[in-house]
Structure formats: structure tokens, C-alpha cells
Amino acid sequence: MGFLQGKRALITGIASERSIASGIAEAMHREGAQLAFTYQTDKLKSRVEKAAEEYGSNIVIPLDVTSDEQIANCFAELGKHWTDGFDILVHAIAYAPREAIAGQFLDGLTRENFAIAHDISAYSLAAIAKAARPQMQGRNGSILTLSYLGAERALAGYNVMGVAKASLEATVRYLAYNLGPEGTRVNAISAGPIKTLAAAGIAGFRKILGHVEENAPLRRTVTIEQVGNVAAFLCSDLAAGVTGEVTYVDSGYNILGMTGLDVE
Ligand code: NAD
């Protein structure tokens, strides 16, 4: 029996088979969770429906997190299927306008780009956690989001997305503090770089992957399967004592100080 047997999980953020959310869905399904999915745009609908079918789910709901109406509708719809609530909420959503994640931090910085990155990549976690709250209360539930090292270190090209990820990680702590008394845990995984559609928008991404392969303690990049396995664990009762944490799944890259310096 899988360690998520009897749990119900809503998974956001599938845009392709390479999405981190796809790796999470695979691991949660393997461990026995029932799954439901959201899709951002009509273009992505059939892709997400196909993934849902693979996992024996017929719950596929539209959710663009820039719309308060869609957020409300998403949980109203979910409540029609899972009438007595659900246990796991996976937030795998981020966006910044392309010009804001190229060149130097100040090059693409505008009030609008800053606001968009924070709205979609950080506020949305709090917004969907708030909307999901009545359906998750008192079930030993778990909310999980995805962050990146750019939240706490200055990384070339990550720019305003790093500032938004810092806000996302702080949001994890405030949500954990707020929702803990009612039994809901909130955590983040800080994943190493993985080639997904979102990552393709980051300038010089191939170079970043090569750098990790050469310098991370494990000398390899991570996979969506590795992130999926840790996500499944963190959202299971095996991790009942863990909340408000950022867990690294990055081949150990975050522990390094100087990289690329060989000492004979
Ligand atoms: P992806 O492109 O597969 O997924 C990003 C998802 O965000 C897509 O499904 C997209 O539909 C969704 N999204 C964007 N704007 C949205 C909106 N307004 N409403 C609803 N959904 C919206 O890429 P991914 O790499 O799997 O990204 C998932 C998460 O993992 C993101 O938070 C990303 O920052 C994070 N992350 C990625 C990496 C990496 O290297 N790929 C590393 C660390 C963290």
C-alpha cells in the first residue's frame, strides 16, 4: 500500500510531460493518492486532460491565478467532486515577463513586471491556500510549493523572479504559522534547475545546467521524478512533523560557497 493511500490531491501547474507538477503527479499517484488537476489556458486543457486520464482522474478544472473569479470557481467545482474535502494542494506556478528575466536585474525592471511576477508567483500561493482552507481544515492536510535558490542568493538572470521567490518562501512560513493550529502543513521544495517550459524562458539556462553538473556535490542535475518523490513524502503523514520548511532537491548545490575552484 502506498504512503498516500486515501489522500486526495489537487495538482496545479502541468504544462507538459516535463513539468515538475507532472513528476509530482506521477509520484503521488504511485503512492495511492487520488488526483485532480487544474490548467491555466484552453491551449493546455487537452494536455492536462490526457494526464488526468492516465492517473484515472476525471477532475480537470480551469485556473488562471490572476483571476479571483477563477480561484473561487476552482474550489467550488472541486467541492462538487470531493464533497467532504481534500488533503493535498500542490502549487507549481510561476511567471515573470520575459524581459524581466534577461540581462541585469535593473534592465527589465518596471513597476508592472515586478507586480506581475509577485502576483502570479507568490500571491497566488496565499490566494489558493485561502480559498482551499474550508475544504482542507482538520484533515492533516498539506500544501506544497516550488521555489528556487534565487530566493536567497543573487543569481545571474533570475532577477525579479528571485525577489518573488523570496516572497513565496516567506509566504510559506506565514501560511504554516496561520494554518498549523488547524492541522494543515505548508512547505516548499527548492528544486535545482530542470529543463521545463518555464525554465526555457530563463536566459542562458543550458549553461546553468552544465554548471550544476560540474559543481554540485552529486555532479548531476535533478529530475522531476526526484522532486516528485520528495513532494509525495512532504505531503504524506510520514512528514507530519514538518511545516514551514524549504527542502532542497538540488543535488546539494545550495551548500556550496565558491564553485569551480579546484584545490590540488
Ligand atoms: P512549467 O512551465 O512546466 O510550469 C509552470 C506552470 O505555471 C505552467 O503549468 C503554467 O501553466 C503555470 N502558470 C503560469 N502562469 C499561471 C497563471 N497565471 N495561472 C495558473 N497557472 C499559471 O515549469 P516548471 O519548471 O515545472 O515550473 C513549476 C514551478 O517550479 C514554478 O514555480 C517554478 O518557478 C518552479 N521551479 C522550477 C525550476 C526549474 O528549473 N524548472 C527550479 C526550481 C523551481
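So, Arg219: you'll find Arg219 in the loop between α7 (205-215) and α8 (224-234); helices here are DSSP runs of H or I with at least four residues, strands are runs of E with at least two, and both are numbered from the N terminus. Arg219 isn't a glycine, yet its phi is positive, about 55 degrees. Most residues other than glycine have a negative phi. Arg219 counts as exposed because it has 11 C-beta neighbours inside 10 Å; the cut-offs are 12 or fewer other C-beta atoms within 10 Å for exposed, 20 or more for buried, and partly exposed in between, with C-beta atoms placed from the backbone.

Quick housekeeping. This is a predicted model, where local features need pLDDT of at least 70 and side-chain atom pairs count only at pLDDT 80 or more, while totals for chains, interfaces and linings use all residues. Residues are numbered from 1 along each chain as its sequence is written.

Asn140 is another one with a positive phi, near 55 degrees. Asn140 sits in the loop between α4 and β5.

Now the helices. The axes of α4 (residues 111-136) and α5 (residues 159-179) come within 9 Å and cross at roughly 20 degrees; axes are lines fitted to C-alpha atoms, for helices over the stretch in contact, with angles from 0 to 180 degrees between N-to-C directions. By class, that's 11 nonpolar, five polar and one charged residues; nonpolar is Ala, Val, Leu, Ile, Met, Phe, Trp, Tyr, Cys and Pro, charged is Asp, Glu, Lys and Arg, and the others, Gly among them, are polar.

Over to α3 (residues 68-81): its axis and that of α4 come within 10 Å, crossing at roughly 30 degrees. That makes α3 roughly parallel to α4 as well.

Last, the ligand. How many residues surround the ligand? There are 28, and the closest are Ser19, Ala94, Leu146, Thr196 and Ala198; near means a C-beta atom, placed from the backbone, within 6 Å. Of the elements, α6 gives the largest share of that shell, three residues. By class, the shell has 20 nonpolar, seven polar and one charged.

How values were computed
Parallel < 35°, antiparallel > 145°, perpendicular 65-115°, else oblique.
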